[in-house]
Amino acid sequence: MGEIIEISTTRNQQRRFYKFTSKCVIFSIKGNSGYAMIGLADQIGFFNIDHWVFIDRNGESGVCEFNEIIVKTPTPGILEEEKYHKFCLTWYGSKVELNKFGESEPIFSKEIKKKNLKFATFFGRNQNNTLQWKLLLPPCIERPCLKPIIGGKPYWVPYDGELPYGAIIGGFENEFLYIMRAPHVGSLTPGKFVPSMKCGFVGWGGYSHLKTEFEILCAHDCVWVPTKESVIPAGAIAVGYTEYGPETMYIGRVKQDGHVIPGKVAPTHCVCYFAYGDQEAYEIYYDILVAPYSSPRCSNTLEPPFKERYEFYEEKYRSDDEYDYDDD
């Protein structure tokens, strides 16, 4: 349950804006002089309020949108000076609805034009006395603070006929594919391992080449990062090298005909090559495998924990009479 706070409102007082990301507020009111009002806004500020919910305005309750009443219904005696009455106001999607606890039918339900309302303010209008409010505020929810993963760093295991423990799933092509690497024409080239065939494939020179002796990558502290062409993200895992230079190669994966296939990335080529069918294909847009622990510019944790329950803001203004509530 959230926290219950009590406030008193009088005419011509400072506004307090509360933030309700749930787009719902439960509240109780005591008082019968004038009527209660809840202002809804997408930004903090009195003149940002385009929707007003009024309760027991001359025996009626409803909604005022852009200074025009769009719905009202008779509610005589819905407020009492000596007794709290409990309500629930929701503005989910494009509909605002007011319900009174203990009653099956809503007091009103009406479509409105704005959908991103998240701030609410509470006060009274035409009052000779003070309205008493009890607001049920949203519960305090902390974003979890993830601890850095200990262990699970990438390592290579020679293939011996069995898929090693911790092997990274690199894609899917009728079955899960895994990441492998093997020597080829003076290079050390990453590619895909197909468990059902017990062999790997690397793309080279426009063709797919079968490998029976290779290593499989194992780890759990790594992530896939979208990139393109020759853009290599911080922390990208170096897994091989080309036959010339040599140039470092990385692990990429691409989407092809509904499949996800791992392959190789040599930055100067500005693409990710992969073995597909009997051919070597390539894509300029691909994901690359990154080890978050390896660079201070990337992280495998969320930002420090924070608390967000509600926010309030007080605003001074001259008089309620300067704003037209359509009292006619």
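Here is a walk through the fold, its salt bridges and a few individual residues.

First, the ground rules. This is a predicted model, where local features need pLDDT of at least 70 and side-chain atom pairs count only at pLDDT 80 or more, while totals for chains, interfaces and linings use all residues. Residues are numbered from 1 along each chain as its sequence is written, and side-chain values use heavy atoms, with hydrogens and water left out.

Start with the overall picture. The protein chain has 27 strands and zero helices; both are DSSP runs numbered from the N terminus, with at least four residues of H or I for a helix and at least two of E for a strand. Of its 328 residues, 47% are buried. Here, buried means under 20% relative accessible area, exposed means over 50%, and partly exposed is in between, using a 1.4 Å probe and protein chains only.

Now for the charges. Side chains of opposite charge can pair when their charged atoms come close. The cut-off used for a salt bridge is a side-chain nitrogen of Lys or Arg within 4 Å of a carboxyl oxygen of Asp or Glu, and searching the whole structure turns up eight of them.

Take Lys114 and Asp50, whose closest N and O atoms are 2.6 Å apart. This pair links distant parts of the chain, with Asp50 in strand S5 (residues 49–57) and Lys114 in the loop between strands S10 (108–111) and S11 (119–125), 64 residues apart. Asp50 is buried, at 19% relative accessible area. Asp221 and Lys153 make another salt bridge, at 3.8 Å between the closest N and O atoms. Asp221 lies in the loop between S19 (215–218) and S20 (223–228), and Lys153 in the loop between S12 (131–136) and S13 (155–158), so this pair ties together parts 68 residues apart in sequence. The two ends have their own accessibilities: Asp221 is buried at 1%, whereas Lys153 is partly exposed at 30%. There is also a network, in which salt bridges that share partners join Asp42, Asp50 and Lys114.

Glu60 and Lys72 also form a salt bridge, at 3.9 Å from N to O. Glu60 sits in strand S6 (residues 60–65) and Lys72 in strand S7 (residues 68–74), 12 residues apart. Both partners are partly exposed, Glu60 at 23% and Lys72 at 47%.

Next, find Lys192 in strand S16 (residues 187–194). This lysine is buried, with 5% relative accessible area. Its side chain makes a polar contact with the side chain of Glu173 at 2.9 Å. (A polar contact is a pair of N or O atoms within 3.5 Å; within protein, one must be able to donate a hydrogen and the other to accept it, and residues adjacent in sequence count only if both atoms are side-chain atoms.) Leaving aside residues up to four places away in sequence, Lys192 touches several others, including Leu177, Tyr178, Phe201 and Tyr276.

Strands S14 (residues 169–172) and S15 (residues 176–184) run antiparallel and are joined by three bridges, where pairing takes at least two DSSP bridges. Gly171 stands opposite Leu177 in S15. Three residues separate the two strands, and Asn174 in the turn has a positive phi of about 70°. Phe176 is in S15 and is partly exposed at 46%. Together with Ile169 and Phe172, Phe176 forms a nonpolar surface patch with about 280 Å² of accessible area. Patches take residues with over 30% relative accessible area and no salt bridge, joining like charges within 9 Å and nonpolar side chains (Val, Leu, Ile, Met, Phe, Trp, Tyr) within 5 Å.

One last stop is Arg125 in strand S11, which is buried at 4%. Arg125 and Ala36 are 89 residues apart in sequence, yet their C-alpha atoms are 6.4 Å apart in space.

How values were computed
Contact = heavy atoms within 4.5 Å. Areas by Shrake-Rupley, 256 points an atom, 1.4 Å probe, with all protein chains shown as cover.
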